[in-house]
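Please keep the sequence and the model at hand while reading the points below.

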Amino acid sequence: MVKVALIGAGKMGISHLSILGAHPNVEVVGVSDTSKMVLDVFEKYSSFPCFSNYEEMLAKTNADAVFVSVPTKFHATMVRKVLESGKHVFAEKPLCLTAEEGKSLVALAAEKAVVNQVGYHNKFIGTFREVKRLLDLGVLGEVYHFTGESYGPVVIREKQDNWRADPAEGGGCLMDYASHVIDLINYLLGNITSVKGTMLESIYSKNVEDAVYCILEVNSGVNGVLSVNWSDETYRKMSTSITIQGKKGKIICDANELKVYFKTNDFPEGYSKGWNVKYVTDLTDSVDFYLRGEEYSSQIDYFISAIERQVPNVINNFKSAWYTDNVISMIKSSNLN
Amino acid sequence: MDRIIFGDNQFFAVNHISDEKSRAQSIKFKEDRAIIKTLDIAIESGINTFMCTTHDRIENICDHIRKNPSKYQDFKIYPCMPYAHKYANAVTEMGYAGTLKHFVPGNFVGSLFKGGLAFLSKDYISIMELLIDSEMKMFKGIQTPVIFLQNVITDLLLGLGMNDILVAFHRYVKKKYGAEAGYITMNMPKLLSVLEANGITNPIICSSINKVGFRMSGGREVYEEVLRTKKVRAMAMQVLAGGAIHPKEAIEYVCSLPNIESILFGASSAANIEQTVELINEYSLTGESMEVIA
């Protein structure tokens with residue numbers, strides 16, 4: 001049994017808690033939150049020990065691992081405290097507000113030799129994993145362009161009053177939404193090494209951007225476009241997709257559907273010349289407990305398995321999330337608006 | 001429950017395998033009359049139950065049903081609540097407290113917060129009851145013999161171990177609406193054990209049941225074992241696994257299982273609706289499933 005505590009029972013925290021609560025190898029030993037009402041509900045209806053102070057929880061619960069799902073501005077302090085206490089950490093994305101803060105957490109996690117993971121769940125989606133496999137096989141030939149996109153209905157009117165509307169707390173489309181796409185590009189195409197011209201656009205928000213448009217270059221020298229908008233209500237929920245063009249074919253992929261086009265008879269097993277369509281139903285392994293997408297359960301399974309030394313701590317570790325934080329900084333400093 | 005239940009995902013652009021199809025559906029069903037037309041096709045095919053989310057647009061559909069009582073005399077609706085995106089988006093925008101204040105009718109939540117007192121357990125149950133009432137308003141005057149809790153809420157509570165709230169839902173819909181409670185879940189075996197342990201026997205549970213094991217947590221075999229050995233009024237959904245299985249093969253499989261009381265499906269075109277109904281009728285008249293519908 002892995003003993004797990006959680007800091008921050010907001011929307012992501014509560015989802016993690018439910019999956020952890022149902023996990024056969026996990027015992028939830030503590031939940032901390034600053035909201036009296038949230039704690040009150042947990043005290044009355046769940047069997048989880050509750051704490052209003054996370055440091056008290058860290059001291060009292062003897063947890064092996066801690067989930068940190070609080071607004072990004074608190075990550076640097078809270079994740080550090082958890083690492084200093086020698087516990088494994090799962091932190092929500094993005095890792096930190098600045099690349100400098102993240103760098104010191106990467107170093108501390110390495111020094112403490114604990115499992116460290118960040119919640120970029122797209123890498124646990126069957127369709128994107130298949131894209132990674134295909135690219136590693138080199139089936140597209142020379143890749144010459146990509147487009148990473150994400151659209152959804154987070155801010156669709158002018159009135160907004162919460163931490164997502166405050167840049168100092170990690171709000172804004174770049175950190176909250178675009179970070180997912182940046183992280184996916186780093187994973188699939190290689191780390192982004194430069195950002196060439198960015199437009200950060202405010203549509204409804206006053207203090208943060210609602211859309212991010214820019215041109216990126218990855219370490220292989222390939223250029224691509226990033227287009228992200230969280231004020232698009234024609235999407236029912238967040239929809240992330242990637243299009244990759246190579247000299248021998250093309251990939252269009254989102255969380256549900258993978259479309260691959262091969263120009264010639266040079267294609268991998270299970271595919272054919274021309275268009276191929278595969279669905280997440282064919283590419284996803286079933287999980288033991290499903291809440292809101294297999295990927296949310298799979299990333300937690302992976303973290304717990306890494307603590308149990310069943311898998312290496314390579315997917316979504318702090319270092320890879322820190323690369324994403326770096327790109328976020330590069331995008332901010334190249335804003336033309 | 002009827003053998004065949006018509007679902008609403010296609011009306012609200014919920015498509016589990018393709019964003020393109022989802023957009024096409026959103027365009028096709030932009031007008032309420034397109035939804036009503038499709039519902040009427042389903043009724044002509046012999047379907048008498050519509051299971052739907054408490055989406056805002058359902059209110060207009062309910063108005064149409066109330067205005068045509070003779071036409072929809074035998075028509076039943078199984079509401080599924082809550083429409084989770086409505087609340088999830090609100091929590092993102094307003095936080096938990098703001099969301100409750102916004103959606104719970106009257107002054108109840110406001111006065112609780114104002115009082116600054118610790119809430120009592122019954123207060124939370126009252127909040128849940130008020131939310132159920134507000135979601136049920138649109139169905140006034142329409143037969144709703146089964147009221148479902150959506151899977152994201154059922155499974156959230158299941159994972160958190162908040163079993164008392166699952167039970168309270170069961171109790172309240174019976175007391176207030178004279179309805180049976182139904183639970184949608186992606187974790188049927190686990191939910192059934194929890195409900196049984198909390199005194200709810202032979203519950204109505206709607207879950208993914210399909211030949212490829214899609215969204216059948218723990219695996220298909222576990223589900224088949226539960227259906228064979230336990231007491232549950234099972235409704236199968238996602239029988240086509242989002243289109244991954246050929247309809248004939250999909251329906252043949254589900255109809256071959258014991259203890260499946262109802263099959264839920266949604267479709268946009270007359271041809272698909274009629275074909276699915278025919279297949280279910282055809283395979284339901286063979287083998288073990290005879291006992292279930294007899």
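In which strand of chain A is Glu27(A) found? The model is a predicted one, and the points below begin with that residue.

1. Glu27(A) belongs to strand S2 of chain A, which covers residues 26-32. With 14 C-beta neighbours inside 10 Å, Glu27(A) counts as partly exposed. When residues up to four places away in sequence are set aside, Glu27(A) touches Met1(A) and Lys3(A). The pair Glu27(A) and Lys3(A) is 24 residues apart in sequence, yet the C-alpha atoms are 4.9 Å apart in space.

2. Not counting residues up to four places away in sequence, Gly86(A) touches Lys112(A) and Val114(A). From Gly86(A) to Val115(A), 29 residues apart along the chain, the C-alpha separation is 10.0 Å.

3. Chain A is divided into domain 1 (2-121) and domain 2 (122-288 + 317-333). The centres of these two domains, taken over C-alpha atoms, are separated by 27 Å. Where they meet, 21 residues of domain 1 are in contact with 22 residues of domain 2. On the domain 1 side, helix H5 (99-112) and strand S6 (116-118) of chain A each supply at least two residues. H5(A) gives the largest share of that side, six residues. By class, the domain 1 side has twelve nonpolar, six polar and three charged residues.

4. The largest nonpolar core has 186 residues. Its residues with the most contacts inside the core are Val4(A), Val68(A) and Val212(A) from chain A, and Ala236(B), Val239(B) and Ile263(B) from chain B. Helix H7 of chain A (residues 173-189) contributes the largest share of this core, twelve residues. Domain 1 and domain 2 of chain A both give residues to the core, so it lies between them. The surroundings of Val4(A) may be inspected as an example: leaving aside neighbours within four places in sequence, Val4(A) is in contact with Leu20(A), Val26(A), Val28(A), Val29(A), Ala63(A), Ala65(A) and Phe67(A).

5. Which residues of the two chains meet may be considered next. The contact takes 41 residues from chain B and 37 residues from chain A. On the side of chain B that touches chain A, the elements giving two or more residues are helices H4 (84-103), H6 (121-136), H7 (151-160) and H8 (163-177) of chain B. H4(B) provides the largest share of this side, eight residues. The residues of that side divide into 20 nonpolar, 15 polar and six charged.

6. Chain B has 13 helices and eight strands. The radius of gyration of chain B is 19 Å, close to the 19 Å that the globule rule gives for 294 residues, so the chain is as compact as a globular protein of that length. The C-alpha trace of chain B spans about 60 × 45 × 35 Å along its principal axes. Of the 294 residues of chain B, 42% count as buried. Among contacts in chain B between residues at least 6 apart in sequence, 77% join residues at least 24 apart.

7. Helix H9 of chain B (residues 188-197) has as its buried residues Met188(B), Pro189(B), Lys190(B), Leu191(B), Leu192(B) and Leu195(B). These buried residues pack against elements of both chains: helix H1 (11-22) of chain A, together with H7, H8, strand S5 (180-185), strand S6 (204-208) and helix H10 (220-229) of chain B. H9(B) is followed by Gly199(B), whose phi is positive, near 85 degrees.

8. The last point concerns helix H11 of chain B (residues 247-256), in which Ala250(B), Ile251(B), Val254(B) and Cys255(B) are buried. How are these residues placed around the helix? Seen down the axis of H11(B), the buried residues fall within an arc of 120 degrees, so they line one face of the helix.

Conventions:
Residues are numbered from 1 along each chain as its sequence is written. Chains are lettered from A and ligands numbered from 1 in the order in which they are written. This is a predicted model: local features need pLDDT of at least 70, side-chain atom pairs count only at pLDDT 80 or more; totals for chains, interfaces and linings use all residues. A residue is buried if 20 or more other C-beta atoms lie within 10 Å of its own, exposed if 12 or fewer, and partly exposed in between; C-beta atoms are placed from the backbone. Helices (H or I, at least four residues) and strands (E, at least two) are DSSP runs, numbered from the N terminus. The arc is that of the directions from the helix axis to the C-beta atoms. The radius of gyration is taken over C-alpha atoms; the globule rule is 2.2 Å times the number of residues to the power 0.38. Two residues are in contact if their C-beta atoms, placed from the backbone, lie within 7 Å. A nonpolar core is a set of buried Ala, Val, Leu, Ile, Met, Phe, Trp, Tyr and Cys residues joined through C-beta atoms within 7 Å. Domain bounds come from an automatic or database domain assignment. Ala, Val, Leu, Ile, Met, Phe, Trp, Tyr, Cys and Pro count as nonpolar, Asp, Glu, Lys and Arg as charged, and the others, Gly among them, as polar.
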